[in-house]
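Dear colleague,

Please find the structure below, handed over for your study.

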Amino acid sequence: MKLENTAPAKINLALHVIGRRADGYHLLESLVAFTAFGDRLSVRPSDRDHFEVTGPFRDGLEGGANLVLKARDILRLHFGAQAKSPVAITLEKNLPVAAGIGGGSSDAAAVLKLLTRLWEIQVPPKELAQIGLMLGADVPMCLYGRPLIARGIGEMLEPFPALPRLPILLVNAGLPLATPKVFSALIKREHAPLPALPSKSDPAELLEWMRLTRNDLEPAALSLVPEIGSVLGLLRAEGALIARMSGSGATCFGIFEHQEAAERTRQAIAQKHPYWFVCATETSASTGELVHV
Ligand code: C5P
């Protein structure tokens, strides 16, 4: 039996840094969306443990430090005999790494879900989120995988019921950026929280709301990787309704009115910068059903 799923990109449509905990982690408020495009994960029973990475961003990811293997191993620690049988895991790495779009966290979340199914482990979502949090602050939100508001260090989640489907273009100039470096480069750590959230699922209302919000990590990331400014400038020049960096960067996104406009811009940017990651996709919309976190 082979089980597979997509590990979508995580996009911070808005990310406010509102303080810092005593242990150094930052307190955030973020509107988070997930895209149709992502990495692909598959798991199947095997006679020995095996891990294979394919795809355009596979380089350097086969090592034991990979979050995919950490996710497998943490399930074994937690569930013992139930999680013993050997598994072959494949990761098709389509998302750039160290890029602010949650690739590693999303992969870990996908593996936690796939392996608990394969090993037939019954685990309540809240308990799986607690296990995921040990792998990284963004793993619980990736386990949830639907539009949400994240608070705390990113682990306190609340469903966001009013996200429309948004045509979105992701652009990364190929420069990795380590999250801790960006947080350390922050000059200010106490910003205003998110404004009152939009109540209906309407693209115009959401964009209006987004214009009142920011990514507070953007100035710090820009100071480390000035090319982020060129990427944002290019997205704006090409007609993005809004252009912003996601997470700790360096991936930036542009939101467009129509999928065709996002695709046209993808072609224009890819032609100018053939070695950049440029991907036209869409955010998945809120479904209306309130699935509790
Ligand atoms: O939890 P994760 O390993 O993804 O975080 C990577 C690093 O990013 C942390 O070690 C910390 O330096 C920083 N971070 C932070 N505040 C957060 C999330 C991450 O300072 N809310």
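A nonpolar core is a set of buried Ala, Val, Leu, Ile, Met, Phe, Trp, Tyr and Cys residues joined through side-chain atoms within 4.5 Å, where buried means under 20% relative accessible area, exposed over 50% and partly exposed in between (1.4 Å probe, protein chains only). The model is predicted: local features need pLDDT of at least 70 and side-chain atom pairs count only at pLDDT 80 or more, while totals for chains, interfaces and linings use all residues. Residues are numbered from 1 along each chain as its sequence is written, and side-chain values use heavy atoms, with hydrogens and water left out.

The largest nonpolar core has 41 residues, and Leu41, Ile89, Leu112, Leu115 and Leu148 touch the most other members. Its largest share, eight residues, comes from α2; helices (H or I, at least four residues) and strands (E, at least two) are DSSP runs, numbered from the N terminus. A second, separate core of 29 residues includes Leu169, Leu217, Leu232 and Leu235. In soluble globular proteins, nonpolar side chains tend to be buried together.

His16 lies in strand β1 and is buried, with a relative accessible area of 1%. Leaving out residues up to four places away in sequence, His16 touches, among others, Leu27, Glu29, Pro193 and Asp216 (contact means heavy atoms within 4.5 Å). A polar atom of the His16 side chain lies 3.0 Å from the backbone oxygen of Ala192.

With kind regards

Definitions and conventions: A polar contact is a pair of N or O atoms within 3.5 Å; within protein, one must be able to donate a hydrogen and the other to accept it, and residues adjacent in sequence count only if both atoms are side-chain atoms.
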